[in-house]
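Morning, everyone. I'll take you through one protein model today, starting with a helix, then a sheet, then the domains. Here it is.

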Amino acid sequence: MDNQVRLLIVDDEEIIRIGCQRILEETYATVEVAENGRLGWERLQQEPFDLILLDLMMPEMGGLEVLEKVQALDPEMVVIMITGFATIETAVDAMRKGAYDYLPKPFTPEELRTKVSRGLEKRRLILQARALILERDRNLLECANEKSRTMTIINCLSEGLIATNRTGQIVLMNPAAIKMLRPQVDSVIGRTVSGLLGHPEQEKAIAEMLATVTATGAITQMEMQTCDERVLESHVSPILDDHGECLGTVTVLLDITQDKKIEKMKSDFVRLVSHELKAPVAAIAGYLNLIIDGLTASQPDKEKDIILRSRDKANALLDLINDLLDLSRSERNRSAGVQKRLDLGAVLTETVKFYHNEAQLRHLELALHLPTTIPPVVGDAEALGRVFANLIGNAIKYTPEGGRVDVELIQRDGWLAIAVRDTGMGIAPDEIKKIFDEFYRSRQVILQKIPGTGLGLSIAKQIVEAHRGYMEVESAVHQGSVFRAWFPIADALPTAAPVV
Ligand code: ADP
């Protein structure tokens, strides 16, 4: 007994209806009947059936009308038309309209069983095909989803990714790689690297590397410089199939320009610091040896001079170490936001007071000019005090006797500046940009042996920038300089830096 299939017999002739039902119930568990087209159609709408035996000529609703409705409801439902002799042509027409077969009256039980069994076999195949199509569609969809997911990930990578086939043709290049390499053509897919970067030597090196990786299967690494001076690190790996055969290469590109810069800065810094520290220490050691060896024992004046020079060198060393500490502190605190609303006038007054004696000793006029109202800025008073001390200290140090140093506060377009103007030695135009570099000292101050570390301005600049401000300088040799440190006024919303 086949419990799975469901049959419906729709015929107005009771003897046929009941006869067919009895015969088919021997084989199939669910065989229902309807005594006309309308009732049959109502039943079909309530539950699905696999096969319908449908009489062609019926009152109320004819077989062709039911067939049409069934086709719309479930085009894969198997319909066998039961026809009289007179309607054989209509039966053929019905098959054209979608009926599976027809059974002319009168028919034997065997003929009925055979047609129904063939019809059900057809239904089974239809359902199987439908399931396979669904499965295939689902797999295709999953496949498409997977592919688009992978592509989305590859396209979002900040690392460049390039895949090539065995012959070195590019099969994939993600946006990051395009941005890093800036290829000279619009479409790179299908091309080799040759002629792509506008740098034949580099292209040759890359092509050779890809060929080596394809031939040997070894992972390779290479550094290269782009046309716009950036440094890229590339890691090339072979793409191997299940049998270990190489299908091509995949290259990951990293932009290491910044790392390289930092690396260079670090080594320059270490070299400079060791040089700056070594010279005074060596000098002090030399002076001490002179005293220990007794070479100055009979010349107390010379000995005193040597001791004083040692002390100056030691003081210079202390200045340097203090500046280095400041430098590392301002670098560490670059993003720190422990900031208060400050009255820069008060900070400035304190600093100017501190330098008063020094200015007098050097016969310089030091004057502070403050406006009546000073808007607050947000910042760290101690750090800003160091900036002002550096600017005022420099102005005093680099201005010959008899000159003057004027310190003032200027306000413009939501910004407040402290300006330190001197009538000193000035800075040559080609050196102005460099004075904010660590350890840079102008030719003039080195020549005149004015002590200093070359670190003060670079520290000051970092502190000012950490306060969302900036520094500027104007200078003329032998006439003097003016340094300004600009800060945004608290509560004001400066749209752009003011034009001076
Ligand atoms: P230091 O004064 O210890 O050398 P700084 O970083 O403060 O270091 O200054 C760097 C260089 O900039 C100085 O060595 C000097 O050459 C130049 N400089 C700074 N301020 C002035 C100034 N007011 N007048 C002339 N040159 C200056």
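First, a definition: helices (H or I, at least four residues) and strands (E, at least two) are DSSP runs, numbered from the N terminus. The expected span of a helix is 1.5 Å times one less than its number of residues.

Some ground rules. This is a predicted model, where local features need pLDDT of at least 70, side-chain atom pairs count only at pLDDT 80 or more, and totals for chains, interfaces and linings use all residues. Residues are numbered from 1 along each chain as its sequence is written, and side-chain values use heavy atoms, with hydrogens and water left out.

Now helix H11. It covers residues 381-397, 17 residues in total. From first C-alpha to last it reaches 24 Å, close to the 24 Å expected. At its start, a side-chain oxygen of Asp 380 comes to within 3.1 Å of the backbone nitrogen of Glu 382.

Next, the sheet. It is open, with 5 strands in the order E7-E6-E10-E9-E8 and antiparallel pairing. Pairing requires at least two DSSP bridges between two strands. At the edges sit E7 (170-173) and E8 (220-225), each pairing on one side only. The twist averages 20 degrees from one strand to the next. Strands E9 (residues 231-240) and E10 (residues 246-255) pair over 9 bridges, antiparallel. Leu 232 has Asp 255 in E10 as its bridge partner.

Last, domains. The assignment, automatic or from a database, gives domain 1 (2-131), domain 2 (157-255), domain 3 (259-331) and domain 4 (336-488). The centres of domains 1 and 2, taken over C-alpha atoms, are 66 Å apart.

Technical notes
Polar contact = N/O pair within 3.5 Å; in protein donor to acceptor, adjacent residues only side chain to side chain. Axes fitted to C-alpha atoms, helices over the stretch in contact; angles between N-to-C directions.
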